[in-house]
Structure formats: C-alpha cells, structure tokens
Amino acid sequence: RFRYVEDVIPGTPETVKHNIHQYWCRRCKRRVEPVVTAALPGSRVGLRVVVESAVKHFFHAIPIPRVVRLLKEEHGFIVTEGGLIAAWRRLSEILIVAEYDKILIRIRQAGVLWADETGWRVNGSTSWLWCFCTKNEAAYLIDKSRGSSVATSVLGKSFGGTLIQDFYSAYNACNARGTQYCLAHLLREFDK
C-alpha cells in the first residue's frame, strides 16, 4: 500500500558565497563580470525571500512588521523592515520597467478594453486608481487626477478598439472607435 503526504519543510537561512570573476574588456576599456542571479543587483537578500515577503505583504495584506516576524519564526531569517522595503523597491523597478511597458503597448492595441477608476488613499490623501484591462492583462495606474489627461496618457487621443466603460466623461477624450457601456451602470440608468 502507498500513502502520499505533502508537507512544507521550514527552511533555514543559508549564506552562499559567489566567486565572481572579473575580466578586462579591451574593446570598452572597463572591467566586466557575470551577473549573480540569486539576488537583485546591489542586494544581500536572496530572491526567494524578496518574492515570498512581497507576496505576503502585497497579495495577502500582511503588515510589514508581521512579515518580518514571520520570516524570523518560519525560517529563522532576520531582516529589517527597511531592508525589505528597499528590496521590494528594487524588485518593482525590474518588474515594472520591463513588463509594465509591454502590457501598456498591448492594452493600447487591444480590440476590446475595460476601463474604470476608483478612489484610492495614498498616505492619507485622495488619489485615483485607474484600471485598464483586457481578458488577459490589466494595467493599473495611481494618479492624483481623475481627469481625462490620465485616460489619454494611457490610451492616447485616438483609441482604435472598443472601450467598455461607465458613463464617466473622462474616457470621451480617448475618442474610442467603439464604446460599450458597462451593463451594471446601464441597468442602473434604466431603473432611474
């Protein structure tokens, strides 16, 4: 008979020494070396810790002090709140710059696009969270403005697809080829 049991084994922190060989490039007249892929550039915190802690904080809404405590309790890993925030900032720069621009290009070329915005607090002041999404992708943007300038900065002044939206007039500045109003908003208008 067989019995399979799946479990999580708590890990212990390990320090890995990377021997980085440097070489002199005659062409560009400078020292070059291979990239260490186990951590983000300039970071001493490994990628697993950075990603796991970011998921706990940003996806599961666990406060930063508790993330620090969980890393210590679960893995014996000691890191400061500032160390995590700095690592997350580096991670966001890599993820956002590389992928976000590609997502925006695909959003602008979409045949059908949903758009909406909602109030969003940033350090106690009111901002707006804008969302532009297709069936497969979403682009979010936080801005202090709820004006049409934000919509046109994302979609341009001549959007070539069908824009599914509520009745908010800021989207009219995008001059979408087609407009479809959100069914929930449309039904509310009929009820009125």
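## Terms and basis of the model

Two strands are said to pair if DSSP finds at least two bridges between them, and the helices (H or I, at least four residues) and strands (E, at least two) are themselves DSSP runs, numbered from the N terminus. The structure described here is a predicted model, in which local features need pLDDT of at least 70 and side-chain atom pairs count only at pLDDT 80 or more, while totals for chains, interfaces and linings use all residues. Residues are numbered from 1 along each chain as its sequence is written, and side-chain values use heavy atoms, with hydrogens and water left out.

## Overall build

The protein holds five helices and seven strands, which follow one another along the sequence in the pattern β-β-α-α-α-β-β-β-α-β-β-α. Its C-alpha trace spans about 65 × 60 × 50 Å along the principal axes. The radius of gyration, taken over C-alpha atoms, is compared with a globule rule of 2.2 Å times the number of residues to the power 0.38; a compact globule of 192 residues would come near 16 Å, but the protein has 23 Å.

Accessible areas come from the Shrake-Rupley method with a 1.4 Å probe, and for residues only the protein chains shown count as cover. The accessible surface of the protein comes to about 14300 Å², and carbon and sulfur atoms account for 56% of that surface. Buried residues (under 20% relative accessible area, against over 50% for exposed ones and partly exposed in between, with a 1.4 Å probe and protein chains only) make up 27% of the 192 residues. Where contact means heavy atoms within 4.5 Å, 33% of the contacts between residues at least 6 apart in sequence join residues at least 24 apart.

## The five-stranded sheet

Five strands form an open sheet with mixed pairing, in the order β5-β4-β3-β6-β7. Because β5 (138–143) and β7 (178–181) stand at the edges with a single partner strand each, one side of each is left without a neighbour in the sheet. The twist averages 25° from one strand to the next, where axes are lines fitted to C-alpha atoms, for helices over the stretch in contact, and angles run from 0 to 180 degrees between N-to-C directions.

Strand β4 (residues 125–133) runs antiparallel to β5, to which six bridges join it, and Leu129 stands opposite Ile142 in β5. In contrast, β3 and β6 pair in the parallel sense over three bridges, and Trp114 has Ile164 in β6 as its bridge partner.

## Helix α4 against the sheet

Helix α4 (residues 148–155) packs on the sheet, where it touches β3 (112–122), β4, β5 and β6 (162–165), and its direction makes about 35° with that of β4. The buried residues of this helix are Val150, Ala151, Thr152, Val154 and Leu155, and what covers them includes α3 (81–108) together with β3, β4, β5 and β6. Just after α4, Gly156 takes a positive phi of about 85°.

## Leu84 in helix α3

Leu84 is placed in helix α3 and counts as buried, with 0% relative accessibility. Leaving aside residues up to four places away in sequence, Leu84 touches Ser53, Val67, Val68, Leu71 and Val79. The C-alpha atoms of Leu84 and Ala54 are separated by 8.4 Å, although these residues are 30 residues apart along the chain.

## Loops with positive phi

Most residues other than glycine have a negative phi, and most peptide bonds are trans. Lys29, in the loop between β1 (23–25) and β2 (30–32), has a positive phi near 60° and counts as exposed at 56% relative accessibility.

The hairpin of β3 and β4 has two residues between its strands, and Asn123 in the turn has a positive phi of about 50°. Asn123 is likewise exposed, with a relative accessible area of 82%.

## Cysteines

The structure holds zero disulfides, a disulfide being a pair of cysteine sulfur atoms within 2.5 Å. The sulfur of Cys133 lies 4.2 Å from the closest cysteine sulfur, in Cys131, which is too far for a bond. For Cys174, the nearest cysteine sulfur is that of Cys131, 14 Å away, and Cys174 counts as buried at 0% relative accessibility.
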